[in-house]
Amino acid sequence: MSRYSIEEFIKQTEQVDKGEGFFELETPRLLEVNLDGQVWAKAGSMVAYHGEMKFVREGILEHGLGTAFKKALTGEGASLMKANGRGKLYLADSGKKIVILKLQNDSIFINGNDLLAFEPSIKWKIKLMKRIAGMMAGGLFNVFCEGTGMIAFTTHYEPLTLRVTPGQPVITDPNATVAWSGNLQPVIQTDISFKTFLGRGSGESIQMRFEGDGFVVVQPYEEVYMNSKQG
């Protein structure tokens, strides 16, 4: 087999079954779903599939008026779709790194922009962070996931998990905060002096303060989603 030939390229990049179950990482940035039934996924994340599948955008009232109201406030960032059928489904999100977690009667908050997919056995709710709704264009909402099943979320580059212990709070930038343990309730705080250090001449520096016993996942990237209603 000659170097750089089509045959070599196919051999190096071809899909290979790893037998890992419902979710498999085909590459660090491409998720394979071995579908036999249903899965929830981020709208627009499908890159390929084979088999018999039907894709349905989440109905606006499917989770009740409360969720519909929150979705109206947060825009399209938390839009989900259901894939029903049988076959192999491939998901990705802007080339971001994918993390798979298997919840075993656990709970976790995930930034609405970073949630990629989860099993239908997972219960979920959209949580709006009201205090920063008027301060930031992105990162206004999170998805609370709980139960037993697999979930996948994405990060820009390599994630870092910080332990939160009693008396040792962790403060993060909301745009770099990806997920945190379900028992933690972050407090939004502002630091007007810190904005000068960051070179931000206008607005306030918004921070998330985590106290208690748990963990926070951050990424080495500030993810800012522009709000089309601004400017």
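Reply: The account below begins with the model itself and then turns to its nonpolar cores and some strands.

This is a predicted model, in which local features need a pLDDT of at least 70 and side-chain atom pairs count only at pLDDT 80 or more, while totals for chains, interfaces and linings use all residues. Residues are numbered from 1 along each chain as its sequence is written, and side-chain values use heavy atoms, with hydrogens and water left out. The pLDDT, the predictor's confidence in each residue on a scale from 0 to 100, averages 83 over the protein, and 77% of the residues score at least 70. Over residues 72-77 the pLDDT is below 50, and this stretch has 8 contacts in the model beyond near neighbours in sequence; a contact means heavy atoms within 4.5 Å.

A nonpolar core is a set of buried Ala, Val, Leu, Ile, Met, Phe, Trp, Tyr and Cys residues joined through side-chain atoms within 4.5 Å. Buried means under 20% relative accessible area, exposed over 50%, and partly exposed in between (1.4 Å probe, protein chains only). The largest such core has 20 residues, and those with the most contacts inside it are I108, I110, F118, W124, C145 and I151. At least two residues of this core come from each of strand 5 (97-111), strand 6 (115-118), strand 7 (123-128), strand 8 (141-155) and strand 11 (177-181). Strands (E, at least two residues) and helices (H or I, at least four) are DSSP runs, numbered from the N terminus. With 5 residues, strand 8 gives the most to this core.

C145 is in contact with L103, D106, S107, I108, L115, I122, K123 and W124, leaving aside its neighbours within four places in sequence.

Two strands pair if DSSP finds at least two bridges between them. A hairpin joins strand 1 to strand 2 through 2 residues, and T27 has L30 in strand 2 as its bridge partner.

One further buried residue is Q219, with a relative accessible area of 5%. Q219 is found in the segment after strand 14 (214-218). Residues up to four places away in sequence not counted, Q219 touches T155, H156, N175, A176 and V178.
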